[in-house]
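Subject: A structure for you to look at

Hi,

Here is the structure I wanted to pass on to you. Have a look at it first, and then read my notes below.

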Amino acid sequence: MNATLKILSLSMAIGLAACGGGNKTETAASGGTSAGTSADCGTLAADQICVKIGSGEPKTGAIAHLGKDNENGSQLAVNEINAKGDLVIGGKKVKLVLVGEDDAGDPKQGATVAQKLVDAGVVGVVGHLNSGVSIPANNIYARAGIVQVSPSSTNPDYTLKSTKTPKGSVSAYRVVATDALQGPSVAKYMLKVGAKNVAVLDDATQYGKGLADQVAKSMTEGGATVAVREAATSTTTDFKSILTKIKSSNADYIFWGGMDDTAATLVKQMKELGMTTKLASADGACTDKFIELSGEAGKGVVCSQAGMPLEQMAKGAEFKTNYEKAFAGQKVQIYAPFAYDAVYTIVEAMKLANSTDVEAIAAAMPKVNYQGVIGPIAFDEKGDIKGGAVSIYEVADKLKVVEVVK
C-alpha cells in the first residue's frame, strides 16, 4: 500500500468510527460545540485538538454515485489538510475528521442526518447534495449556530429563505451558481439553437420544480411557447402518457428538471415512441452516469452544470489526478471539486476567526476570500458565491462543452 492510500485508509477509518471519550475535553478546549457522539480522531499530541466537519449526501439509492462523489471531494480535502499538519487554531494544532452521514436524498432523512451532525459536535457542514434536503436541514444547522456550505444545491431559496444563527450570522452558503443563472442559461441556449415550442417537465422536488419554473419563465420571455407544463416524480419509470401528450403538441424541445436516472428513462421512452423532440436538462442529469444509462438514446441531449468545466479550472487537472489516485477506480462526477473547496472554505473561516467556535466561524464566513480549485471563492450577503458560472454541454460519447456562461 502506497503512502497516499495509507493516508486515505486512516482518514476514512476515522470518518466512520464512533467518537472516543476524550472528545468532550478536546471540543471544550477549542471553544467548539459540545460533543458526545461521532468520530474518533485517534491518538492526539498534547498540543493537538480534534475538529469535526460534517458531510451529508445520498450514499444509497439511485443517485448515490453523486453523493459519494461529493463525500470523496470533502474527504480528499481533509486528507490533504491533515497530511500537511500545519493547521493551527488558537495555538493548537488541528486534526480534522470528516463525519459522513447518508441522507438518501430524502428531506426527512436529511433532517435526521442534520440533527445527528449537530449532536456529533461538527463545526461546519459540507452538504447537502439536493436542494430539497439542504433547505430543511439548514433550519437545524442554523439553530445550532453551524455554517452549512453546499457544493451542489442550486435552488435560490436555499440561501434566500435561510435561517440566521442565534447571533444573527448567515448560516447557508454555497459554492455553485444558483438556478437563477442556470435555468435562464439553458433556456437561452435552447432559444439560440432554434427552440420555439417547448414542453417543460419536472420531478416535483424543490430542485427539479424550481429549475423547471426558471426555464419555463425564460423561454416565455424569449418568445417561445411552453405548450406543455407537467410534473412527474423523482421515481417515475413510465413517462409514456405524458410523452404522448407532448408528441401531439409538436414540441421541438423537452426540458427535464430532475436527476440522471429518470432523465435516462425519459429519453429512452422518447425514442421508443418515435419522437424527434430533443431533450434538455440541467446538472442533475449532466453526468457520466446519464451517458451510461441512456446509451444511444442520450446522444444529442443538452444539459448544464452549475460551475466551470473541470478541464477549464486552473487547478482542475491536478485535482483530477489527486482524486483518481486517492479513490482508485473512481472518476470525478460533477461536484467533488466544489465539495473539496467547501471544506477549505470552512477551514479558511476557522483560520480567520482563530477559533473553532461555531458562531465565530459563521461570523467569519463573509470575510472569506479564497482561491480554490473551482476558482476564486467569496460570498455575497445572501451566502451565494460571487461570480458563479454555468457550463452548457452536449452529450456524445462523453460530455462536450459547447458554452460557458458567467
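Strands β7 (residues 197-202) and β8 (residues 225-231) run parallel and are joined by 6 bridges; two strands count as paired if DSSP finds at least two bridges between them. Leu 201, for instance, has Glu 230 in β8 as its bridge partner.

Before going further, please keep in mind that this is a predicted model, where local features need pLDDT of at least 70, side-chain atom pairs count only at pLDDT 80 or more, and totals for chains, interfaces and linings use all residues. Residues are numbered from 1 along each chain as its sequence is written, and side-chain values use heavy atoms, with hydrogens and water left out.

Helices (H or I, at least four residues) and strands (E, at least two) are DSSP runs, numbered from the N terminus.

Next, helix α5. Its 13 residues, 131-143, reach 19 Å from the first C-alpha to the last, close to the 18 Å expected at 1.5 Å a residue (the expected span is 1.5 Å times one less than the number of residues). At Ala 137, α5 bends by about 30°, the angle between axes fitted to the seven residues ending there and the seven starting there. Because 10 of the 13 residues are buried, α5 is largely enclosed by the rest of the structure; buried means under 20% relative accessible area, exposed over 50%, and partly exposed in between (1.4 Å probe, protein chains only). The elements that these buried residues pack against include α4, β4 and α8, with contact meaning heavy atoms within 4.5 Å. Just after α5, Gly 145 takes a positive phi of about 80°.

Finally, the aromatic rings. There are 8 aromatic pairs: rings of Phe, Tyr and Trp (its six-membered ring) pair if their centres lie within 6.5 Å, and planes under 30 degrees apart count as stacked, over 60 as edge-to-face and the rest as tilted. Tyr 173 and Phe 379 are edge-to-face, because their planes stand at 70°, with the ring centres 4.9 Å apart. This pair links distant parts of the chain, 206 residues apart. Both Tyr 173 and Phe 379 are buried.

Happy exploring!
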